[in-house]
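Please read the questions and answers below alongside the structure shown here.

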Amino acid sequence: MAEIIKITDRISYIKATENPLSADVGIIEGDDFVWIFDIGADDSVPMSLSIFEKPKNAVISHFHPDHMENLEHAEFENIYLGANTFKYAKRGTVVEKEIFIDDGIKIHIFPLPSSHAKGSLGLETGDYAFLGDGTYATMKQGRVCYNASVLKEEIAVLKKLSAKFFLISHDEKFVRPKEEIIGELEEIYNKRDPKESYIWI
């Protein structure tokens, strides 16, 4: 069984692992459903989530296996994912625009422009926004980079969120202040060459 770490009375998570590579798994306890943000790849995750008796909904940030491999091993009433992730999962509801749900706690699912993975999603609830790997770079021609126009769109989306804290998967400090993350992304964006489509790191 994986340890479930409390953030608030209703928000908790299961920490990411390196072996096997598995993302942080967010848990939000609504009145009618338990909302799972990313389901990870560590096979202890589905068993750990079985302690919650309410039916579960999943929001999958993107299609990489460390974020969604356990979909095969857990039962969900609803699965929300981006169009690109749907190609791999082959089931669920494709999210193309913001969704707002009241489950005794406000659930805001939103498309997140991301250089790391096309068609990413985020989930905001109260002071917290789960972003998965959405703020990370990608690899192109063997080099780490951000797509400049996508990064500009991402910063704009993140600034509009009311959450005070961003939860970034695989980060040693999982819960980080919103302004800190936006500041880091803006610093990267400001290093762009206007003649280049990519910002090389």
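**Loops, sheet and surface**

Lys-90 is placed in the loop between helix H3 (83–89) and E9, where helices (H or I, at least four residues) and strands (E, at least two) are DSSP runs numbered from the N terminus. The model is predicted, so local features need pLDDT of at least 70 and side-chain atom pairs 80 or more, while totals for chains, interfaces and linings use all residues. Residues are numbered from 1 along each chain as its sequence is written, and side-chain values use heavy atoms, leaving out hydrogens and water.

Q: Is Lys-90 buried or exposed?
A: Lys-90 has a positive phi of about 60° although it is not a glycine. Buried means under 20% relative accessible area, exposed over 50%, and partly exposed in between (1.4 Å probe, protein chains only). Because its relative accessibility is 64%, Lys-90 counts as exposed.

Q: What is the relative accessible area of Gln-141?
A: Gln-141 lies in the loop between strand E14 (138–140) and strand E15 (143–147). Gln-141 is not a glycine, yet has a positive phi of about 55°. This residue is exposed, and its relative accessible area is 68%.

Q: Which strands are the edge strands of the open sheet?
A: The open sheet has 7 strands in the order E1-E2-E5-E6-E7-E8-E9, with mixed pairing. Two strands pair if DSSP finds at least two bridges between them. The edge strands each pair on one side only, and they are strand E1 (4–6) and strand E9 (93–94).

Q: Which residue in E2 stands opposite Lys-6?
A: E1 and strand E2 (residues 11–14) pair in the antiparallel sense over 3 bridges. Opposite Lys-6 in this arrangement stands Ser-12.
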